[in-house]
Amino acid sequence: MSKNCAVLDSSIGKKVIMAITGALLFGFLLSHLAGNFLMFCGAEAYNNYSHALVSNPLIYVAEFFLAAVFLGHIINGIILTVRNKKARPVEYAMTQSLGEKSIASQTMIWSGLIVFYFLVIHLVTFKFGTDVSPASADGVRDIYSLVVARFSEKIYSIFYIMCMIMLGFHLSHAIQSLFRTLGLSQPKYLAIIKVLSILTGIGIAAGYCIFPIYFGFIK
Amino acid sequence: MNFSITLKIWRQKSEFDTGRFVSYNLDHVSPDMSFLEMLDTLNVQLEEKGKETVAFDHDCREGICGACSLYINGEPHGPDRGTTTCQLHMRRFKEGDVIYIEPWRAKPFKVVKDLVVDRSSFDRIIQAGGYISVNTGNARDANAIPIGKTKSDLAFDAAACIGCGACVAACKNASAMLFVSAKVTQLSILPQGHPERYDRVSKMVSVMDQEGFGNCTNEGECEAACPKEIKKENISRLNREFIVSKVKSAFSS
Ligand code: HEM
Ligand code: FES
């Protein structure tokens, strides 16, 4: 194996990839959430924003990059999980939690895979979905009405909310883990970082849940 | 007051045997016995009955060598924090207790017999980089190189690692990163360890991976289980040293 491949295959190398791709995905989550809030500025603002995004040729570069980041995170996450399982072929008859082991930290692969499943459904529903009302003359999709229509189906909204809770769960362990993986955490800040990590998880989940709750249950 | 307990001990003839729990009742256990003395007592009784004794690791029996192990009721080195199994005493248990005793379980720690596992993978990690190079000749003056208090304390705390493997045993991923990070920290933050600093971390992590240990997922079980209370912040330092070493080597020919 060449020198660089060996780094990418090493335990810490793989974890660093998880941390960097995770941080990039988190950045994407923030910008996507900011975009969502345009829903509250009315259909036109939201549709125009969405149109401005997809009609910019740079979107292909951005989408390719995002897909690569997602794939890198998912593939490495699966490889790491498999290797970790293999490192303990025989399980203990009895174990106790001594440290900070939490449900979130032990189920990263499952919360991650649920988020991935959600992502596929999400793309099929919105990006490649059939609009409920036709596009305007200059080709602006009425994505607003599509979102409102989907969220008004209570089942869809509930599914969406559950997935966002899983995402929040993933992040509650992930954010502090990221700092530690990259060697950025200092003992005196760790307690704060851990609290911020949980708050970030709750914040992101709550932020995304506003829309299905508003359009599905309030409006 | 002496008391009676039930032991559920993992018995395994060799690496190739599948292993199973065997139950033993032990009476007249004194609260003043150490945990290992309790096992000695059991072994004397087994021997008297002509049965095979239980194999377990031990050496100094004073908490400094790292030979003893044992996963006792779901905890490496048993219920006391910052304590090795040899320093655990039976006063921590009471009449009627059922005590499960298992070996460290990790792919690189093959069971040799019963509760004894092969920890030579740790030796190979040390051989890969856990040393400093010193010119031969006269012994040097110990204080020739001044080292600040903070650094020397950090290095000393990391050097307290006795290499028992409790961190691996406790980690859900059987990761050896607390052990490796303690060794890397101890050597890399002192001037004496600087010449091999980045080479060391790279080689030690590489052997750690080859041996088949898992990856740290930052869950802190290792720190809680460590009889020498090695801090998990060392793992962060290990990551940092590793990243810097790889970046450096990418930019040098
Ligand atoms: C937008 C979505 C996602 C974000 C923001 C995200 C973020 C993160 C971050 C920051 C980490 C911590 C890395 C570290 O410990 O240094 C992480 C860990 C992890 N993620 Fe994700 N993730 C996302 C989606 C996914 C998906 C779809 C999977 C599917 C397999 C996944 C699987 C994992 C696993 C298994 C870990 C633990 C890796 C380890 O500690 O060994 N994640 N994630
Ligand atoms: S026997 Fe030496 S540390 Fe326990």
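Which side chains meet in a salt bridge, 3.1 Å from N to O? Select Arg119(B) and Asp57(B): their side chains form that pair. A salt bridge here is a side-chain nitrogen of Lys or Arg within 4 Å of a carboxyl oxygen of Asp or Glu.

Before moving on, note that this is a predicted model, in which local features need pLDDT of at least 70, side-chain atom pairs count only at pLDDT 80 or more, and totals for chains, interfaces and linings use all residues. Residues are numbered from 1 along each chain as its sequence is written, chains are lettered from A in the order in which they are written, and side-chain values use heavy atoms, without hydrogens and water.

**Stop 1: the domains of chain B**

Color domain 1 (3-112) and domain 2 (119-133 + 144-252) of chain B, with bounds from an automatic or database domain assignment. Their C-alpha centres lie 29 Å apart. Each domain gives 21 residues to the contact (heavy atoms within 4.5 Å). Across this interface the rule finds 1 salt bridge.

**Stop 2: chain B against chain A**

Now show both chains. Here 48 residues of chain B are in contact with 42 residues of chain A. Zoom to Lys232(B) and Glu100(A): they form a salt bridge, the closest N and O atoms being 2.9 Å apart. Next, select helix H8 (233-250) of chain B, where helices are DSSP runs (H or I) of at least four residues, numbered from the N terminus. H8(B) gives the most to the side of chain B that touches chain A, with 9 residues.

Key: Helices (H or I, at least four residues) and strands (E, at least two) are DSSP runs, numbered from the N terminus.
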